[in-house]
Amino acid sequence: ASNKSIYTSKARNQYWMLPLLAGIAGAIFQWRNDRRGFIAVLSLFLITGLVLALYLNSPPVEPRERDYIYVASFIAFCVWVGLSLVAFANLISRRALAIPLVALVTLGLPVLMLVQNYDDHDRSGRTFQVDNARNLLASCAPNAILFTGGDNDTFPLWYVQEVEGFRTDVRVMVLSYLNTDWYVNQLRNPYYQSAPFSLSLTRNDYLQYGPNDVLYIQETIKEGIDAKKYLQLIREGNKALRMQSSTGDYFTILPSKKLLIRRGDSLSQAGPKLTSSNTSEDSLRHSSLILNVKGNYATKSVLAIVDIMISNQWKRPIYFNFTSLNTAGLNLNEHVVQEGAVYRFDPLRVPGKEIAIDKRSMRSNLMEKANYANLLNPDIHFNYEDFNLRMISPLRQSFNSLAISFLDVQDRGTALSVMQFAKANLYLPHLLPTFANLEAAEIFSALGDDESAVNLCSTLFDCHIAELRWQLENGRSVDGGLDRFLAQQSARMLAALGNTAPEVELNKLGL
């Protein structure tokens, strides 16, 4: 079940080209009998299918399947599938046989597709996405702000808040939506138990298609600028921050990549969640933290994040999830503390290169408050892209980070208990392995549990060597692919643990 090979995947659906052949037959039949109708259906099929794909320039990898945007082309092709039955009936000379045979084909094609598609589309009993949303919200302190990246990691959170009424004190803010004026302005309203925000900038400052949609960096001040003063100048419409494009439109510039935010006196009333373990509050209360902007421009969402931090005055704890931490447009790693699957922004933290870890909170959030029961059910289909890569793999990496933090302080017993818990809940045979298996195996090996290390590496190797065999059998290139890389890495580690068979197998395949 842990094999990612196309031969064993539930998503491998065999139609034997019957729907395709039926559609082609129907198209030929319509061309011969109704040219104008054929041109109309063909136009709908091309414009909402091939032409739309070219117009959108769709990337090969999407956050999820986006075939729904081509639904009109599917409908057009289904017209031809339906007409193929008329063509089939016309070929049968004996009318007495035509009706039952056409009925059989009419019923047979949908039943075939239902049987083939049901197992990998059946979501009954699959609740982990909602369970994980509760886990995230439960990890946040009261009245917290939680930044998310986009639809996929936000809608489950909204579901448990709106439908179940769970942790409605947490204000969930979507980074991608913060680039719109209507969403930023909604933050000024109360939401269940979440109080409204008094933003520094006005509604006009966040106006869609206005000068602040994108802040282009013209770095004339290397040492950084006061973020609060910068927001004030934007609100005042200071001409020194305005530039005019070749089309005559005005846009706002950002004169530095470093934004300085004063910590302020309000930190003394912010509660224990804002108390850093590696510095004193008194020495930093009147100093500033530095937010570094990524790239050559800042989007309106960056402006909104800075505005929220300044206007919030650290009264409400600020968290980021895995997606938002990496897509915020700011280098936040040196300012956050990981507390499970969430990252708390700590304005008192002395900047460091790595993300800090609050071992106590992280262990509590991952091992005591979280619910992984749904993952234990082997009869539920968890697809590779959405669940294994986007949800389960980050969780595995979080457990790895927690175990390493205990190893760093020589607490080997706790580190082992963390990894054993992760193995029992997140490394099950029906859950596909990911890159996190390698790191987990290294940790187990360092803790003296070579049996677990071999098991995790073997699972990863078996998964990707099967995929490599299929690719080679079908003439596909495997150079530079992820399957080859993970197979090689797991084989090397297995060799270090005393099992050289995987390396021999790779050599036989010329890999």
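**Salt bridges, cavities and a surface patch**

Glu219 and Lys222 are joined by a salt bridge, with their closest N and O atoms 3.8 Å apart. The model is predicted. Glu219 has 30% relative accessibility and therefore counts as partly exposed. Lys222 is exposed, at a relative accessible area of 55%.

In the whole structure, 9 salt bridges are found. One of them pairs Lys300 with Asp213, where the closest N and O atoms are 2.7 Å apart. Lys300 lies in helix α11, while Asp213 sits in the loop between α8 (181-186) and β3 (214-217), so the pair ties together parts that are 87 residues apart in sequence. Lys300 counts as buried because its relative accessibility is 0%. Asp213 also counts as buried, at 18% relative accessibility.

A further salt bridge joins the side chains of Glu505 and Arg469, at 2.1 Å from N to O. This pair links distant parts of the chain. Glu505 belongs to helix α19 (residues 501-508) and Arg469 to helix α17 (residues 450-473), 36 residues apart. Glu505 is partly exposed, with a relative accessible area of 25%. Arg469 is partly exposed as well, at 33%. Elsewhere, salt bridges link Asp131, Arg134 and Glu164 in a network.

Across the whole structure, 2 cavities of 30 Å³ or more are found. The largest cavity holds about 70 Å³ of space. Its lining consists of Leu215, Ala227, Tyr230, Leu231, Leu254, Leu259, Ala298, Val302, Leu303 and Val306. Two or more of the lining residues come from each of α9 (227-236) and α11 (300-312). The lining of the largest cavity has 10 nonpolar residues, no polar and no charged ones.

Asn132, Asn135, Leu136, Ser139, Ala341, Asn365, Leu366, Ala370, Tyr372 and Leu395 line the second largest cavity. Both α6 (128-138) and α13 (359-368) give two or more residues to this lining. The largest share, 3 residues, comes from α6. Here the lining divides into 6 nonpolar and 4 polar residues, with no charged ones.

On the surface, a nonpolar patch is formed by Trp16, Met17, Leu18, Leu20, Leu21, Ile24 and Ile28. Together these residues have about 690 Å² of accessible area. Leu20, one of the patch residues, is found in helix α1 (residues 18-33). Leu20 counts as partly exposed, at 40% relative accessibility.

Conventions
Residues numbered from 1 in each chain as written. Predicted model: local features only at pLDDT ≥ 70, side-chain atom pairs only at ≥ 80, totals over all residues. Heavy atoms only, no water. Patch = residues over 30% accessible without salt bridge, like charges linked within 9 Å, V, L, I, M, F, W, Y side chains within 5 Å. Areas by Shrake-Rupley, 256 points an atom, 1.4 Å probe, with all protein chains shown as cover. Salt bridge = Lys/Arg side-chain N within 4 Å of Asp/Glu carboxyl O. Helix = DSSP H or I, 4+ residues; strand = E, 2+ residues; numbered from the N terminus. Buried < 20%, exposed > 50% of the residue type's maximum accessible area, 1.4 Å probe, protein only. 1 Å grid on protein atoms, 1.4 Å probe; cavity = no way out; pocket = protein on both sides within 12 Å on 5 of 7 lines; lining within 4 Å. Points joined across faces, edges and corners; volume = space filled by probe spheres on them. Nonpolar A, V, L, I, M, F, W, Y, C, P; charged D, E, K, R; others polar.
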